[in-house]
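Comments are arranged as numbered points.

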Amino acid sequence: IVTGAGAVVRVAAGKELYGRVVDPLGRPIDGKGPVSSHHFEPIERPAPAIIERELVTEPVQTGLLVIDTLFALGRGQRELIIGDRATGKTTIAIDTIIRQKTSDIICVYVAVGQKSSSVRRVVDAVEAYGAPERCIFVVAEASASPGLQWIAPFAGMTMAEYFRDRGQHALIIIDDLSKHAASHREIGLLTRQPPGREAYPGDVFYVHARLLERAAKLSAEKGGGSLTALPIAETDAGNLSAYIPTNLISITDGQIVLNTKLFHEGQKPAVDAGTSVSRIGGKTQARVLREAAETLRLDYAQFLELEMFTRFGGMPDTRVRAQLTRGARIRAILAQSQHMPLRLADEVALVMAVQSGQLNALPLSAISAFRKALPAEIDKAAPEAVRMIGDTGTLDDAGKESLMHVIAAQVQSLMPDEAADA
């Protein structure tokens, strides 16, 4: 016998969930015993009003050079990660969680309709490289009922809001909203709601809008906490104009678009610089990185266009050749191995190296070795500059000079013998 209690669904929230893998109702599924939380919050809560919000001004460092330099994220922003299946969407999310090991951001990862093996990989990666003791994993697997899959993002949002409302900073990753929309459609059709475009119920836009609107930077009167959302959506054959992708693009403050072609060419993260955008990021970016990467995006865009034209043959003039050489180096430093997020100081040094033109003489095959060796070199030869960037996000002239000196020495050590002699 089932009787209605007249109460809304509530879920456990608080520090007792740290390091735990729970289902959307807060029940543990990691075999570590019951969750001892006594604090319960409803999964559906109104988003903060405009008057309760503050401007997004503080950065969220993802540790991914291509995102932090070209499409920077801010605390309280909602940035969509979108692309075809198996293009590295979840990897970007995992690397962002791993990067928070050295920050004060608490991470909530919500898996909606994912395979158990995929969820296991995420948890293992965070345990191996990140700080699982400040992460919460909310899992509604593909085999879970549509109802559980439907409430998963709302439950995760409530768990993250607990920290935001106490003046702390939280990050929520929802993987992914395409599957959440499919479960909403399933429930809608079973309950005989009239189907709309692509058979989704008419309120699917409102469901995602009210969910993502809960991510915000709160005003000082409300404690100054923030909740940053990184929802993930899957496209079919790169079609960004499908129903759910267009809905999510219009709700969020920008999107990071992953390109299948770039992925198969070995450019990872496979971020499409032309179609990706952050509608807030530039204002939140650490000042030292913003100054270093001032024209980087424009230079990279021009390089991609020039490269396309020069494929047709013909000998480009000296100026164009120089642009192509520099652009190839920009692309090389933007490539990054997974689970190896960079510190802000490493990113600044890499951008300074490519922007100053010092990498132009270095063969492309040596760029990877340069990237790997640079963090240890700047720690050893320019510790004061590294400390200043980490503490204040700024760099004085002496610091810039010491970094440039390290970069020049590192480039010289990697030069082929005949080039070094010349």
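The points below pass from the whole chain to individual helices, ring pairs, loops and backbone angles.

1. The structure is a predicted model. The protein contains 16 helices and twelve strands. Its radius of gyration is 23 Å, close to the 22 Å that the globule rule gives for 422 residues, so the protein is as compact as a globular protein of that length. The C-alpha trace spans about 85 × 50 × 45 Å along its principal axes.

2. Of the 422 residues, 53% are buried. When contacts between residues at least 6 apart in sequence are considered, 77% of them join residues at least 24 apart.

3. Helix α7. How many residues of α7 are buried? The helix covers residues 243-251, and seven of its nine residues are buried, which leaves it mostly covered. The buried positions are Tyr243, Ile244, Pro245, Asn247, Leu248, Ile249 and Ile251. These residues pack against elements from several parts of the chain: the strands β6 (80-83), β10 (226-234) and β11 (254-258), together with the helices α5 (177-190) and α6 (204-212).

4. Five aromatic pairs are found in a search of the whole structure. In one of them, tyrosine 18 and phenylalanine 163 have ring centres 5.5 Å apart and planes at 15°; the pair is therefore stacked, since planes under 30 degrees apart count as stacked. This pair links distant parts of the chain, with tyrosine 18 in the loop between β1 (10-12) and β2 (21-22) and phenylalanine 163 in helix α4 (residues 146-164), 145 residues apart. Are the two partners buried or partly exposed? Tyrosine 18 is partly exposed, at 21% relative accessible area, whereas phenylalanine 163 has 0% relative accessibility and counts as buried. Ring pairs also bring Tyr162 into a cluster with Tyr18 and Phe163.

5. The pair in α10. Tyrosine 300 and phenylalanine 303 form a stacked aromatic pair, 6.2 Å centre to centre with 20° between the planes. Both residues belong to helix α10 (residues 296-310), and because they are three residues apart there, about one helical turn separates them. An α-helix has 3.6 residues a turn, so residues three or four places apart point the same way. Tyrosine 300 and phenylalanine 303 are both buried.

6. Glycine 130. This residue is placed in the loop between α3 (116-129) and β8 (135-141). Its relative accessibility is 9%; glycine 130 therefore counts as buried, the limit for that class being under 20%. Which residues does glycine 130 touch, leaving aside those up to four places away in sequence? They are Ile98, Lys101 and Ala125.

7. Cis peptide bonds. The bond from aspartate 175 to aspartate 176 is cis, with omega near -5°. Aspartate 176 is in the loop between β9 (169-175) and α5. A further cis peptide bond joins lysine 268 and proline 269, with omega about 0°. Proline 269 is located in the loop between α8 (260-264) and β12 (277-278).

8. Positive phi angles. Alanine 86 has phi near 60°, a positive value in a residue other than glycine. It lies in the loop between β6 and α2 (89-99), and at 54% relative accessibility alanine 86 counts as exposed. Glutamate 198, likewise not a glycine, has a positive phi of about 55°. Its place is the loop between α5 and α6, where glutamate 198 counts as partly exposed at 41% relative accessibility.

How values were computed. Residues are numbered from 1 along each chain as its sequence is written. This is a predicted model: local features need pLDDT of at least 70, side-chain atom pairs count only at pLDDT 80 or more; totals for chains, interfaces and linings use all residues. Side-chain values use heavy atoms; hydrogens and water are left out. Helices (H or I, at least four residues) and strands (E, at least two) are DSSP runs, numbered from the N terminus. Buried means under 20% relative accessible area, exposed over 50%, partly exposed in between (1.4 Å probe, protein chains only). Contact means heavy atoms within 4.5 Å. The radius of gyration is taken over C-alpha atoms; the globule rule is 2.2 Å times the number of residues to the power 0.38. Rings of Phe, Tyr and Trp (its six-membered ring) pair if their centres lie within 6.5 Å; planes under 30 degrees apart count as stacked, over 60 as edge-to-face and the rest as tilted.
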